[in-house]
Amino acid sequence: MLSLHDTAAGKVTEIVPRESGKVALYVCGPTVYDVPHLGHGRSALVYDVMRRYLEAKGIQVDHVSNVTDIDDKIIQRAAEEDRSTSEVAEENEAVWWAAMDQLGVLRPTEAPHATEYVGQMIEAIAKMVDAGFAYETQFGVYFSAEMVRDYGLLAKQSLESLKMGARVERDPTKRSLVDFVLWKRAKPGEPAWASPWGSGRPGWHTECVVMSLDLLKDGFDIHSGGLDLQFPHHENERAQAAALQRPFARHWMHHAFVEIAGEKMSKSSGNYTSLADLLERADPRALRLLVLQSHYRSPLEVTEETISAAGVALARLDAMARRFGITPRGMDLACDRSEHEQKGDHRAISEELKSHIASFVRRMDDDLDTPAAISGIFDLVRTANTGASGPESASAIAQLAASLLASLGLFVNGGGEDVDSESADLLRRRDLARRAKDFQLADRLRDELYDSGWVVEDLPGGSELRRRH
Ligand SMILES: [Zn+2]
């Protein structure tokens, strides 16, 4: 099984899912006050790669990611543009999903909005007030962080040093510098909901704890996000779960930032100014390859230079696909090994493929070591291209390289059938349904594909689409 670095434990630990064969994953999503930046692209790709990899191993991933559609920044943006907060949020959310689709990022299984959860957040805050973990001031309701015994676990800091580092205090009614807001009383003209503490809105830290526990239930497997969320956002979520006496995330995962090589992000430097800007000027697959080539816990430089280097590497992969006439298809990392074993006449090749799959899985299971996994795939590309192992083996190795890349969401382009992303997703869901032996759903998805002009062909190790004539 996959091992990941756990921020709470401070080391790499094995993921032992709460329910065998299923991983419940919560990823903190965007605050939709602006268009997505490059860091959002990396974040989305890191978790998309992990999800696809787990699914290729036959594990079902319940992937919940929220959309923060009410927040100080959205209110400020709406005021600046003389529009409503919902207009600002809806417009930026649409841009977000369009960028995710272009990147080939699978939609979360559920994407709850903060504004849909205000009622449940008020209930949770009331419970925390009743239990003595929260108190009311003239500005709203605050959480008393010092009530939580191990507050600072994710921050890796003591309560005292957290207090020292607390920002210049604006609210003198707070009992401690580390206390944080649960409910903000609204100023005139701001969007507001009625509550026992006056009309206002919930603080940001409450939505994720309430939505994750509602949709993924107690003790879900992985809670994740960028390093900037480790403290205070995730620390404060943990604290609230403790106050609510709800077993919370069993594993904390954080990814590193995107860096721009000391240069300020600006149009004049020639660098990308936003995710949309990059997607307009480069192959979206280049960003995925670049993300894969660095470890998720290391900073990543996204510049024209690094993207263009990834583009060159991508061209090598596409050239291999053209040469061997490869159509990318999904890969079943759980079953492939035994399937290859069954082919007696190809025993020599199968043994070789088996060992390549095993080393790929070993690298990915080791805290998602995608740089090593990708470099192993490029070794396969080299072997296939030199043809040293004979023509039949070369073609099988090329197909394997393409299938392993597909299990990470990177699809090589051999110039064959151009499958639209909607049909590719239907095929992926059909593969998952077949693996779960839900043949009724698999047949329904096959019929849906047929209606949109595709015939599904089931081949050893995966399925692919052919145009219906
Ligand atoms: Zn969150």
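In what order do the four strands of the open sheet lie, and is the pairing parallel or antiparallel? In this predicted model, the order is 5-6-7-8 and the pairing is antiparallel. Strand 5 (134-137) and strand 8 (200-202) form the edges of the sheet. Each of these two strands pairs on one side only. On average, neighbouring strands of the sheet are turned by 25 degrees against each other, with direction ignored. Within the sheet, four bridges link strand 6 (residues 140-143) to strand 7 (residues 180-185) in the antiparallel sense. G140 faces K184 of strand 7 in this pairing.

A parallel pairing is found between strand 3 (residues 22-27) and strand 4 (residues 60-65). Six bridges join these two strands. V27 has S65 of strand 4 as its bridge partner. Between the two strands, the chain passes through helix 1 (residues 38-56).

The protein chain is divided into three parts: domain 1 (17-255), domain 2 (267-406) and domain 3 (421-467). A distance of 34 Å separates the C-alpha centres of domain 1 and domain 2. Contact between this pair involves 21 residues of domain 1 and 23 residues of domain 2. On the domain 1 side, helix 1 and helix 3 (85-103) each supply at least two of the residues that touch domain 2. Helix 1 gives the most, with ten residues.

Confidence was examined along the protein chain. The mean pLDDT is 90. A value of 70 or more is reached by 92% of the residues. Over residues 264-268, pLDDT is below 50. This stretch has five contacts in the model beyond near neighbours in sequence. Residues 336-345 also stay under 50. For residues 336-345, the model has twelve contacts beyond four places in sequence.

Conventions: Residues numbered from 1 in each chain as written. Predicted model: local features only at pLDDT ≥ 70, side-chain atom pairs only at ≥ 80, totals over all residues. Pairing = 2+ DSSP bridges. Right-handed = clockwise from strand over helix to strand, strands pointing away. Domains from an automatic or database assignment. Contact = placed C-beta atoms within 7 Å. pLDDT = per-residue confidence, 0-100. Axes fitted to C-alpha atoms, helices over the stretch in contact; angles between N-to-C directions.
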